[in-house]
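Student: I have a model open and would like to go through it with you. Can we take it one question at a time?

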Amino acid sequence: MKRREEMTFLERIYIVEVLRGLGITFGKLIRNFTLHLLHSLGVAKNVPAAASIQYPNERRPYPPRFRGRHRLTLKDNGDIKCTSCFLCATACPARCIYIEAAEHEDPNIEKFPHRYEIDTLLCIYCGYCVEACPVDAIRMDTNIHPEVYPPDPRRFIEDKEVLMERSRELEDFGPHYLYELHMKKMQELEKDPFKSTPGA
Ligand code: SF4
Ligand code: SF4
């Protein structure tokens, strides 16, 4: 379509256009305010009150390839799968994986991670650690996004137990459970940002 170069007289004096803009703004304001009011009364909930996503009460669905928070996978007997080979830590461009290997009491297992930590504040969620792991011991398929504002900043560093527990929860209760748990914590923090909540 050819763009019109010249403005009309009414456009040049701006007043009509300004009033038109204000009309659109106030129209949206009244519409959204009315819908928010109806939603709080439990009416017309299927009509969105605003174009924006009302996080943390609503969340945009993530694509299937979304790289969520990490978890360390487990063997059938519940032991950690990780063999402490350090490939993930070597591949990590942010240098945010810290591993301390130890000898296993079972002579058939060469070593295991006595300590395994990810500093999620440094992590750039690139997924290289997952790609590098030769035994599928680390995954990012949890569908939950990084901690945003935990009451205790030490929770940004996720240790072996936290990462293993995430695998257990995913296996026992499914991805929806992790999602709901995460959303509940976010909603509680939204109401009271200084409240201390246990666990990650
Ligand atoms: S996702 Fe990337 S930055 Fe984060 S721990 Fe894995 S390799 Fe490191
Ligand atoms: S998570 Fe995988 S790559 Fe990282 S140390 Fe363990 S076995 Fe090696």
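Student: How many Å separate the centres of domain 1 and domain 2?
Tutor: This is a predicted model, in which local features need pLDDT of at least 70, side-chain atom pairs count only at pLDDT 80 or more, and totals for chains, interfaces and linings use all residues. Residues are numbered from 1 along each chain as its sequence is written, while chains are lettered from A and ligands numbered from 1 in the order in which they are written. Domain 1 covers 9-40 and domain 2 covers 71-191, with bounds from an automatic or database domain assignment. Taken over C-alpha atoms, their centres are separated by 49 Å.

Student: Which residues are closest to ligand 1?
Tutor: A residue counts as near if its C-beta atom, placed from the backbone, lies within 6 Å of the molecule. The shell has 13 nonpolar, 1 polar and no charged residues; Ala, Val, Leu, Ile, Met, Phe, Trp, Tyr, Cys and Pro count as nonpolar, Asp, Glu, Lys and Arg as charged, and the others, Gly among them, as polar. Of the 14 residues around ligand 1, the closest are Cys92, Cys123, Cys126, Tyr128 and Cys129.

Student: With which residues is Cys129 in contact, leaving aside its neighbours within four places in sequence?
Tutor: Contact means that the C-beta atoms of two residues, placed from the backbone, lie within 7 Å. Cys129 is also one of the ligand 1 neighbours named above. Its contacts are Cys88, Ala91, Cys92, Ile97 and Ile138.

Student: Is Glu180 buried or exposed?
Tutor: Glu180 sits in helix H6, residues 175-191, where a helix is a DSSP run (H or I) of at least four residues, numbered from the N terminus. Its C-alpha atom is 11 Å from that of Arg59, 121 residues away along the chain. A residue is buried with 20 or more other C-beta atoms within 10 Å of its own, exposed with 12 or fewer, and partly exposed in between, the C-beta atoms being placed from the backbone. Because Glu180 has 12 C-beta neighbours inside 10 Å, it counts as exposed.

Key. Helix = DSSP H or I, 4+ residues; strand = E, 2+ residues; numbered from the N terminus.
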